[in-house]
Amino acid sequence: MALLAFALACADRTPGPETGNVPEPDRSTAPADVGGLALEANVAVMESFPVQLTGTLRVENPTQRTISFDVGGCPVFLRVYGSAKGEVVWDQGDGAICTMILRTVTLEPGAVESFQTAGAGDILGEDLPDGTYRVAVYLALVEGGQPEAVAGEVQLAVPR
C-alpha cells in the first residue's frame, strides 16, 4: 500500500525531463520532496581534467509512516543540464546496462538511505562544449518515475 501511495505521489509531481518537458533552469540545491520522501543530492569531482563526477542521493523519510519503493540494479544516475536553456544534455541512465536485480527499499519514519552513482567521465563527449553545467541525481524507480534532486553546478572540460 505504501508503494502505491509513493508511486501516485510521484505521478502527481511537476513533469520533468523524463516526460519530455523542459525543466525550469532552477539553480537551487534545496532538497526535493517527492511522495513524502526528501531527496538531497551532492556531486563530487573525482578528477579535474578531464572532469570525472560521481553523485550521491540521500533519501529521507520525514513522514510518520513507513514508505517502500523498488529500484533495480542501478538505483541512481547523474543527469546534466545545459546552463543556458536548462535542457537535458547528458543522462547517465541512457543506454546503461544494469543487473535485473530488484531491490525493495523500506524506510521507516525518520530513516535515511544513501545511494551512489557510478563514476562518469564521458559527459561532454565530442559534441558538448566546455562550460558550466547543472547536475542532478535521480532515483530510477521501477514504478513511479525518476524523481531527482539538483546537486549544483560544475565546470566541465575535456582535452581538445
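The side chains of Tyr138 and Asp91 are joined by a polar contact of 2.5 Å. This is a predicted model.

Tyr138 sits in strand β8. Its relative accessibility is 2%, so Tyr138 counts as buried. Beyond its neighbours within four places in sequence, Tyr138 is in contact with Leu57, Pro75, Val76, Phe77, Leu78, Arg79, Asp91, Gly93, Gln146, Pro147 and Glu148. Val150 is 12 residues from Tyr138 in sequence, and their C-alpha atoms are 8.7 Å apart.

Glu148, one of those contacts of Tyr138, belongs to strand β9. Glu148 has a relative accessible area of 18%; the cut-off for buried is under 20%, so Glu148 is buried. The side chain of Glu148 makes a polar contact of 2.7 Å with that of Tyr81.

| Residue pair | Polar contact |
|---|---|
| Tyr138 and Asp91 | 2.5 Å |
| Glu148 and Tyr81 | 2.7 Å |

Next, the nonpolar core. The largest one holds 32 residues. Leu53, Leu57, Val59, Phe69, Leu139 and Leu156 touch the most other members. At least two residues of this core come from each of β2 (37-48), β3 (51-60), β4 (67-82), β6 (103-107), β8 (131-141) and β9 (148-156). Strand β4 gives the largest share, 6 residues.

Leu139 is among the core residues that touch the most other members. Not counting residues up to four places away in sequence, Leu139 touches Leu57, Val59, Phe69, Val71, Pro75, Val76, Phe115, Gly145, Gln146 and Pro147. Leu57, Pro75, Val76, Gln146 and Pro147 are also among the contacts of Tyr138.

Key. Residues numbered from 1 in each chain as written. Predicted model: local features only at pLDDT ≥ 70, side-chain atom pairs only at ≥ 80, totals over all residues. Heavy atoms only, no water. Core = buried A, V, L, I, M, F, W, Y, C linked by side-chain atoms within 4.5 Å. Buried < 20%, exposed > 50% of the residue type's maximum accessible area, 1.4 Å probe, protein only. Helix = DSSP H or I, 4+ residues; strand = E, 2+ residues; numbered from the N terminus. Contact = heavy atoms within 4.5 Å. Polar contact = N/O pair within 3.5 Å; in protein donor to acceptor, adjacent residues only side chain to side chain.
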